[in-house]
Amino acid sequence: MEHRRRCWGCQPHPPPPQVLRILAGKVVVGHAIHNDFKALRYSHPKALTRDTSQIPLMHRRGGFPENVSISLKRLTKALLDQDIQVGKSGHSSVEDARATMELYKVVEEEWEQLLGQNLEQE
């Protein structure tokens, strides 16, 4: 509880300029990535954001409802037959990032085609 007292009223710092330069114009892939962006007080263009928690195509392939956010752990097990976030250590940001990219690769080609078609229709 002590650590909370020291942080009361603390404000997150925006990303450093060099991070913003790296992200500019790039496709960013993550799982529930809006939480990361919110913590950084950062807004990335929706057209360049790929959130694996929000891909109906991926949910269908995993046998999940399309309109519900599915945990990274469940998607990884269903689509990659891999167990993550197990053991005493719990979450590993590196393991989560790798699983997220592997999930994205499963649907990348088809998803990007669908996104391209949607942009053409707009």
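The accessible surface of the protein amounts to about 8700 Å² (Shrake-Rupley method, 1.4 Å probe), and 54% of this surface belongs to carbon and sulfur atoms. The model is a predicted one, in which local features need pLDDT of at least 70 and side-chain atom pairs count only at pLDDT 80 or more, whereas totals for chains, interfaces and linings use all residues. Residues are numbered from 1 along each chain as its sequence is written, and side-chain values use heavy atoms, with hydrogens and water left out.

Six helices and two strands make up the elements of the protein, in the order α-α-β-α-β-α-α-α from the N terminus; these are DSSP runs, H or I of at least four residues for helices and E of at least two for strands. Of the 122 residues, 29% count as buried, that is, under 20% relative accessible area with a 1.4 Å probe and protein chains only.

His31 lies in the loop between β1 (28-30) and α3 (33-40). Its relative accessibility is 18%, so His31 counts as buried. Setting aside residues up to four places away in sequence, His31 touches Asp51, Thr52, Ser53, Ile70, Ser71, Leu72, Leu75 and Thr100, a contact being heavy atoms within 4.5 Å. With Ser53, a polar atom of the His31 side chain lies 3.4 Å from the backbone nitrogen.

After α5 comes Asp81, with a positive phi near 50°.

Key: Buried < 20%, exposed > 50% of the residue type's maximum accessible area, 1.4 Å probe, protein only. Polar contact = N/O pair within 3.5 Å; in protein donor to acceptor, adjacent residues only side chain to side chain.
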